[in-house]
Amino acid sequence: MSAFAIYAENLTKCFGSFTAVNSISFSVEAGEIFGFLGANGAGKTTAMRMLCGLSKPTSGAGVVAGYDVAREPEKVKQSIGYMSQKFSLYEDLKVWENIRLFAGIYGMRGKHIASKTEQTLAHLGFEAERNTLVKALPLGWKQKLAFSVAIFHEPKVVFLDEPTGGVDPATRRRFWEMIYQAAERGITVFVTTHYMDEAEYCNRVSIMVDGRIEALDTPKNLRQQYSAPNMDGVFQRLAR
Amino acid sequence: MLKFLIEKEFKQLLRHSFLPKLVIAMPCIILLVFPWVASYEVKNVSLCVVDNDHSTLSSRLMQKVAASAHFRLAATASGYSRAMQSIESGDADIILEIQPSFEEQLMRGGEGQVMLSVNAVNGVKGSLGSAYLLSLLSDYAAELRSERIPAPAVAAVGSIRLLPTYFFNPRLNYKAYMIPALMVLLLTLLCGFLPALNIVSEKEAGTIEQLNVTPVGKLTFILAKLTPYWLVGFIALSIGFALAALLYHITPAGSFGTIYFFSAIYILAISGFGLLISSYSDAMQQAMLLAFFFIMILALTSGLFTPVSSMPQWAQYITVFNPLKYFMQVMRMVYLKGSGIGDLLPQLIALCGFAVFSNTWATLSYKKSK
């Protein structure tokens, strides 16, 4: 089971009498792009927070990058990158300062950070924005920067919680190119989204309904199974 | 890891639109305004005189009273009921009524009578005001006696003269007593409030979650948050020392080393308390209200204005848990008596205890995962 980048077995989270995540089991292979779909309130974010070590499971087990999320959350955190729904880089720090801060937190050395920052900025086409305060960047740029920061320390797994919410189609396209590049480098990508065209880009997709995983397969197989023309059709039938 | 976090805290602090100005402005305002307003010296007591005698001696008494810095001759009234109206309207605090035949009685060697009526809505002003007035009257009586009776005769009767010596604050300068305590208030406001608000603002912005999902240790996080406030506290304190010396010529009798040593521990204790507030607050308003509530209680029970020894026993027990009290004692003792660390061991132990207690609690209550 440790061969998997992410492994969950009967993972459950209850808040009082409400069961937000109800005994979900699945596994994600290294380098895979795993789409985690579901309606608002289906329990996606709660499940993701458990896998990131931010929230303790009520029962069940979760293993991320070889570490148990309940018993070794800090080791899990060392091995993952996380980009939340709410943009959460420091708005009052400059672009390079945000990169430097988070890289430093993950234990990278100052010199290494400096040289890799230049590469990353060049790759993003952000050289001119090096000294711009992050609050002055347009949303799409912020999201691309946040993703670059999340994978800057080469984590084994990166968790993306609705990374493209509110972003224009061209930037979304560019964002997914970046996701593919990361996956090619061997980074496992765990992504939630409400855009069904994005679901098509994933290697495999799971769909959560009321705290449970109702379907899990490749987009192609899911379309056949639910005899729908696209992922949107699959989602409509399940989430209804 | 710590290095990067401290770097971030300093960048954010210096880049903030308001905080650096606050760190400079706060000690200036506290030192410029508070020593003048936070004073128990009773001055300018408004006096209404009813002179029923209209004699030389009665007008001499009036002049003597009016010449004193403690009193202001607000009005003269033709009768007691008129004077009473001025007390009721708030124009006068004390009525001095000189009885008819005041001079005549004195000349005959009898007792000249005056009557005092005091507005005691403000008890301190009333009692201190009448005490000042009584001492003025007895001075006046002694003056008259020495004019009329030859010196040898006075000596023959014999009298007691008081010669008090005031230690540590020989000129009974109230500012010398208040300024060290105001510095405590300054550090409490800056180093107690600001870290709390800083962390809660990270909660509101959501950036704290981004940190919680990294391997940053709790202690590292808290240490990075506290470090800038040591510096902020020392800067504000140094501005305070400079202003106290320049404006009021008040410098510590003891050493600055002792003061900075205790300040370092106190900042740690009070910032830990601020962090504790932030652990239990999810919004800025909540943190503000909590911090304000506690700081008010702590300031009132610290001995800032009223001596702890005059509080009721149960209140004195509460003050045992007040770090402000200990640091205020330290500041006043170092400033006025020149005490060193050796004289302040109980306070040192208490403050260290608070620093350990508040920071341990703050570290434990900060949860990276729920």
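Which hand, left or right, does the crossing of H8(B) and H12(B) have?

Tutor: The model is a predicted one. Within it, the crossing of H8(B) and H12(B) is right-handed. Helix H8 of chain B spans residues 174-205, and helix H12 of chain B spans residues 284-300. The two helices pack at an angle of about 160 degrees, and their axes are 9 Å apart. Because angles over 145 degrees count as roughly antiparallel, H8(B) is described as roughly antiparallel to H12(B).

The residues that form this packing can be named on both sides. H8(B) contributes B:Leu185, B:Thr188, B:Gly192, B:Phe193, B:Ala196, B:Leu197, B:Val200, B:Ser201 and B:Glu204. Facing them from H12(B) are B:Met284, B:Ala287, B:Ala291, B:Ile295 and B:Ala299. By class, this contact comprises 10 nonpolar, 3 polar and 1 charged residues.

Another helix of chain B, H14 (residues 323-337), holds B:Met331. B:Met331 counts as buried because 26 C-beta neighbours lie inside 10 Å, where 20 or more are required. Apart from neighbours within four places in sequence, B:Met331 is in contact with B:Pro180, B:Ala181, B:Met183, B:Val184 and B:Ile259. For B:Pro180, the C-alpha atom is 5.3 Å from that of B:Met331, although the two residues are 151 residues apart in sequence.

These helices may now be placed in the chain as a whole. Chain B is divided into domain 1 (2-38 + 170-365) and domain 2 (45-157). The C-alpha centres of these two domains lie 48 Å apart.

For a view of a strand, one may turn to B:Asp51, which is in strand S1 (residues 45-51) of chain B. B:Asp51 is buried, because 20 other C-beta atoms lie within 10 Å. Leaving aside neighbours within four places in sequence, the contacts of B:Asp51 are B:Ser58, B:Met62, B:Thr76 and B:Ile98. B:Ser255 stands 204 residues from B:Asp51 along the chain, and their C-alpha atoms are separated by 55 Å.

Finally, chain B also meets chain A. Their contact takes 24 residues from chain A and 17 residues from chain B. On the chain A side, helix H2 (73-79) and helix H3 (95-105) each supply at least two residues. H3(A) gives the most to that side, with 6 residues. By class, the side of chain A that touches chain B has 10 nonpolar, 7 polar and 7 charged residues.

Definitions and conventions
Residues numbered from 1 in each chain as written. Chains lettered and ligands numbered in written order. Predicted model: local features only at pLDDT ≥ 70, side-chain atom pairs only at ≥ 80, totals over all residues. Axes fitted to C-alpha atoms, helices over the stretch in contact; angles between N-to-C directions. Helix = DSSP H or I, 4+ residues; strand = E, 2+ residues; numbered from the N terminus. Parallel < 35°, antiparallel > 145°, perpendicular 65-115°, else oblique. Left-handed = near helix turned anticlockwise from the far one by under 90°. Contact = placed C-beta atoms within 7 Å. Nonpolar A, V, L, I, M, F, W, Y, C, P; charged D, E, K, R; others polar. Domains from an automatic or database assignment. Buried ≥ 20, exposed ≤ 12 C-beta atoms within 10 Å, placed from the backbone.
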